[in-house]
2 protein chains.
Amino acid sequence: MATIYDVASLARVSPATVSRVFNGMPVSEEKASAVRAAAATLNFTPNRTARSLRKQNSEVIALVIPDIENPFFTSLARGVEDRAQAEGYSVVLCNTDDDTSKEATYLEIAISENMAGVILAPASDHSDLTSVLSRGRPIVAVDRSAGYDIDGVMVDNRPAGQAAASALFKAGYKRVACITGPQGIDTADERTMGWRQVAIRQGGYVPELYLRNANHRVDGGRAAMADLLSMEVPPDAVVATNNLMGVGALQVLSEAGLTAPAVGVAVIGALPFSALDPATITIVEIPARNLGITAAKMLIERINGDTQPPRTIVLRNEISVASA
Amino acid sequence: MATIYDVASLARVSPATVSRVFNGMPVSEEKASAVRAAAATLNFTPNRTARSLRKQNSEVIALVIPDIENPFFTSLARGVEDRAQAEGYSVVLCNTDDDTSKEATYLEIAISENMAGVILAPASDHSDLTSVLSRGRPIVAVDRSAGYDIDGVMVDNRPAGQAAASALFKAGYKRVACITGPQGIDTADERTMGWRQVAIRQGGYVPELYLRNANHRVDGGRAAMADLLSMEVPPDAVVATNNLMGVGALQVLSEAGLTAPAVGVAVIGALPFSALDPATITIVEIPARNLGITAAKMLIERINGDTQPPRTIVLRNEISVASA
DNA sequence: GCATTCAATGAAATCGATTACAGTAATGTT
DNA sequence: AACATTACTGTAATCGATTTCATTGAATGC
């Protein structure tokens, strides 16, 4: 592994000059080309560890998400990555598994590796961000709020819940249930609230009886749906507040021989790999990729020295209603 | 940000002693506890950049994959991560987008960040691994082979192709098509070969006419399936050699009003979010998670000094045949 | 009681870059 | 001609840890 000293001695200049060439500082063309030639023959690339130790930062952004197997988050990740790449940053992905202690570990790593900043989809509303904040590293919350006064990029969750529920009532369903995530995640709570408002206004049944909290994954959706189906008076439609629970619900319904329009289904979040005819269910599209792009953009502004007070950007959802 | 020197002076010992305490070297209990107390009050964590510069390695594994939005790779990533966590390593995920130059960049980063090793699902068969190999860093190829004599973890691809095709013929279908990936990816080529062998032995049609190369994503599968359906004598069944192309094919079929058993479908690779009744399609399960676990295990053995000649481990698939 | 070991400790070198500072040569000013 | 300015360039300090080497003091052997 060639170092800057090897290059320097081959090019008959000082290490400082080599460094300058690689950092765009003024160097005579004569020496610069000697350095470039020497670097090429030695196959030299600057050691990022040394550089980041000295400069106290690196061109790497940490993206910390709760579930790497959820297409919503991978799509978000894709957005972050595309934007970051364009600005010369690399992205490393850290999976917390909804576990605040894993989350804390990754944040600690991000700091002590001098990473340029953090984009975080918090595992819960009691994430511990003190380590990041006390070091003054930029951080942006995405999808969920973190309970600190920091930058954030969210979607308008309550309207999403309202839209999903309204679409089903409008299609003629009478008892619209709701499968939502764990309490304490504001995204889930808000979407539920949206569903509840519409359901109450609609009347004709007791919404609370048809509300289920589940984990945010397929198995959670399955369990909740199975539970709903076993009711004495089961719902005739259901809103799932995230994509994976929606998949679980759809699976259980299809296994029970229930498909649209016998039972109405609305899902908040895209189902990219559902292989379903999109006309049969209502989808409230969450702009996952765009969340990522926007968060990356904000973070990079902060990295570049933007010091205005923390902002929260709220993105709009798109709704595509079942046509059947 | 507290350093080892701050801790040292607070605990009235030398920096060397602080380092020893944190690295399990012999230190008198008296001083050790003083150091621990000082570290706690200063909220000290060792700076990983400095450590890794000095030790010339870090406890981070790079996982380089072609498509982070493909559930197959995220499931694989999950396996890597679980194993790595258990051994005290962190995993950073790098997405190459099937682009060999992005791949090269990430490998370069992995090296110059002194990462402990690399797990690579190669973007193609002409990936450039010289930088990693010349530095002697451990590397394991996973899912696809890289054209170098290095460790690898694969699945038995040809039997997978055979199993998928056989299941469809056995169910009575006559013209079984195949939607496969780009040429030059051995995984795809082998699966295709398996399909071809069975199709030729079966006879009664010209398999080559029913073979389509597509990209490995949903849109590729859609395009190929649409093309197959437009044939004068369309196939009555299709094998998709990866999960996303399978999803694309299923979408097109369902939009055309064709579902099992009118058209038979077999997919190589799980469809975790399909929301389909699993009884209607044949799935050859690729043990994605297990690929990840195994690769991580091999890599960590190498990191720990294992020097036996390169090995390739081949994992078995499981087939679940459509019951309808 | 003296020599020998041994464990614990600290001072200083080290990893590979960046950068403050000082020095030098060339050019411009008056 | 003396001086100021500009524009490179090199020396050495620095980032924050680890590790070699020398030193100290205590324990052990005879």
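**Salt bridges, chain symmetry and the DNA-facing surface**

A network of salt bridges links Glu69(A), Asp97(A) and Lys102(A) with Arg78(B), Asp82(B) and Arg289(B). The structure described here is a predicted model, and over all its chains the count of salt bridges comes to 36. Side chains of opposite charge can pair when their charged atoms come close.

Because Arg289(B) lies in helix α12 (residues 288–303) of chain B and Asp82(B) in helix α5 (residues 71–86) of chain B, the pair ties together parts that are 207 residues apart in sequence. Both partners count as partly exposed, Arg289(B) at 40% relative accessibility and Asp82(B) at 23%.

In chain A, a salt bridge joins Glu255(A) to Arg222(A), with 2.9 Å between the closest N and O atoms. Here Glu255(A) belongs to helix α11 (residues 243–255) of chain A and Arg222(A) to helix α10 (residues 218–229) of chain A, so that parts 33 residues apart in sequence are tied together by the pair. The relative accessible area of Glu255(A) is 41%, so this residue is partly exposed, and Arg222(A), with 27%, is likewise partly exposed. A further salt bridge is found in chain B between the side chains of Arg311(B) and Asp306(B), at 3.8 Å from N to O, and Arg311(B) is partly exposed, with a relative accessible area of 21%.

The relation between the two protein chains was examined next. Chain B is superposed on chain A by a rotation of 180° with 0.0 Å of shift along its axis, the RMSD being 0.0 Å. The two copies are therefore related as by a two-fold rotation axis. The same surface serves both copies, in that 100% of the contact residues of chain B recur in chain A. Of the residues of chain B, the one that comes closest to the rotation axis is Ser274(B), whose C-alpha lies at 2.0 Å.

Leaving aside neighbours within four places in sequence, Thr74(A) is in contact with Ile68(A) in its own chain and with Ile68(B), Glu69(B) and Thr74(B) in chain B. Thr74(A) has a relative accessible area of 3% and is therefore classed as buried, the limit for this class being under 20%.

Within chain A, the assignment gives three domains, namely domain 1 (4–46), domain 2 (57–155 + 288–317) and domain 3 (157–285). The C-alpha centres of domain 1 of chain A and domain 3 of chain A are 62 Å apart. Cys94(A) lies in strand β2 (residues 90–95) of chain A and is buried, with a relative accessible area of 6%. Beyond its neighbours within four places in sequence, Cys94(A) is in contact with Leu63(A), Val64(A), Ile65(A) and Tyr106(A). Between Cys94(A) and Pro46(A) there are 25 Å in space, C-alpha to C-alpha, and the two residues are 48 residues apart in sequence.

The surroundings of DNA strand C draw on both protein chains. Of the 28 residues around DNA strand C, those that come nearest are Ile4(A), Ser19(A), Arg54(A), Thr17(B) and Arg20(B). At least two residues of the surface near DNA strand C are supplied by each of α1 (4–11), α2 (15–22) and α4 (48–55) of chain A, and likewise by each of α2 (15–22) and α4 (48–55) of chain B. The element that gives the most to this surface near DNA strand C is α4(A), with five residues.

Of the atoms of DNA strand C within 4 Å of the protein, 64% belong to sugar or phosphate, whereas the rest belong to bases. Polar contacts are found with both kinds of DNA atom. A phosphate oxygen of DNA strand C lies 2.5 Å from a polar side-chain atom of Ser19(A). For Arg54(A), an N or O atom in the side chain is 2.4 Å from a base oxygen of DNA strand C, and for Arg54(B), a polar side-chain atom lies 2.7 Å from a base oxygen of DNA strand C.

Definitions and conventions:
Residues numbered from 1 in each chain as written. Chains lettered and ligands numbered in written order. Predicted model: local features only at pLDDT ≥ 70, side-chain atom pairs only at ≥ 80, totals over all residues. Heavy atoms only, no water. Domains from an automatic or database assignment. Helix = DSSP H or I, 4+ residues; strand = E, 2+ residues; numbered from the N terminus. Buried < 20%, exposed > 50% of the residue type's maximum accessible area, 1.4 Å probe, protein only. Contact = heavy atoms within 4.5 Å. Least-squares fit on C-alpha atoms with pLDDT ≥ 70 in both. Salt bridge = Lys/Arg side-chain N within 4 Å of Asp/Glu carboxyl O. Near = heavy atom within 4 Å. Polar contact = N/O pair within 3.5 Å; in protein donor to acceptor, adjacent residues only side chain to side chain.
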